[in-house]
Amino acid sequence: MKNNNFFILTAVIFFGCSKSNNPVIPDKTVLPQAITRYYSMYHLISYRNFSFDSSQHLVRIYVRQNDTLDVIAPDVEVDSGTYLLDLDPVTYLPRGYRLDYKKGYQGAQSYVETHLLYYNSQKQLIKDSGLMALPGQNPNPVTKYYTYLGATTLCNSFWNGAPFFRDTIITSNGNVNYYSTNYSDGNGGWTNQFRGTMTYSTAQNPLYSTDLSNNLGAFLLIEGIDDFISKNLSNNNGINWVTGSNGKVTSGAAPNGDYVTYSY
């Protein structure tokens with residue numbers, strides 16, 4: 001879904017297996033259940049809803065974006081999708097997910113994909129394998145490989161067995177300070193689609209938790225869902241963050257009319 005959600009991915013950046021018989025309770029008891037982001041320049045609004053089980057493990061992600069200025073359609077385009085995560089009953093890491101996604105322009109078809117997830121000994125995601133030839137599902141889902149080199153995370157995506165996208169995430173002081181994405185030109189070369197550096201406020205990122213950042217942070221960012229890696233919120237566009245009575249950031253507004261709200 002990353003390529004369908006590229007604008008949200010870049011806007012999020014600038015907007016600011018050992019086993020145990022005991023349940024692992026993550027440090028995310030106050031993570032937001034919903035996020036709304038509005039981008040005034042593009043008249044685009046995006047929604048993210050998160051569902052957790054009784055032990056606060058992430059089990060479902062719903063994404064939607066309304067684009068009133070899309071050049072493909074003469075009216076409002078609505079893209080939406082749902083990730084259903086299948087948790088391992090021992091490690092509580094997602095061992096796979098089902099993605100139901102629909103592109104919103106007229107005549108668009110919904111599609112379904114099933115993916116398996118694999119981790120290294122540090123419980124970091126290293127492979128997101130799209131299953132092929134499942135009846136009624138996308139016959140050629142993308143498979144991604146993640147590599148961790150200190151502060152740098154690389155993601156190489158393959159479609160139909162050929163290189164598709166290559167993403168690079170670099171962190172500094174606990175925050176994503178550089179991101180780039182390149183797509184294959186089909187002839188062994190790469191064309192840059194986006195690169196950028198970020199600055200940060202002192203406001204704490206309400207999506208950050210040590211386990212999600214470590215396990216799925218790169219996946220959630222590259223999929224265009226949101227930034228679960230950074231400990232702080234970006235202030236690239238001059239956004240002013242507001243903290244609620246729960247001690248968490250509840251909203252933010254920028255001089256250009258952009259805004260974000262977090263619901264708990």
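This is a predicted model: local features need pLDDT of at least 70, side-chain atom pairs count only at pLDDT 80 or more; totals for chains, interfaces and linings use all residues.
Tyr-101 is buried, with a relative accessible area of 2%.

- The ring centres of Tyr-101 and Tyr-111 are 5.7 Å apart and their planes stand at 55°, so the pair is tilted.
- Tyr-101 belongs to strand S5 (residues 94–102) and Tyr-111 to strand S6 (residues 110–119), so the pair ties together parts that are ten residues apart in sequence.
- Tyr-111 counts as partly exposed because its relative accessibility is 23%, whereas Tyr-101 is buried.

**The pair Trp-241 and Tyr-262**

- Trp-241 and Tyr-262 also form a tilted aromatic pair, with 6.4 Å from centre to centre and 45° between the planes.
- This pair links distant parts of the chain, with Trp-241 in strand S15 (residues 240–243) and Tyr-262 in strand S17 (residues 259–263), 21 residues apart.
- Both Trp-241 and Tyr-262 are buried.

**An aromatic cluster**

- One aromatic cluster is formed by Tyr-83, Tyr-97 and Phe-219.

- Ile-126 counts as partly exposed, at 30% relative accessibility.

Notes:
Residues are numbered from 1 along each chain as its sequence is written. Side-chain values use heavy atoms; hydrogens and water are left out. Buried means under 20% relative accessible area, exposed over 50%, partly exposed in between (1.4 Å probe, protein chains only). Rings of Phe, Tyr and Trp (its six-membered ring) pair if their centres lie within 6.5 Å; planes under 30 degrees apart count as stacked, over 60 as edge-to-face and the rest as tilted. Helices (H or I, at least four residues) and strands (E, at least two) are DSSP runs, numbered from the N terminus.
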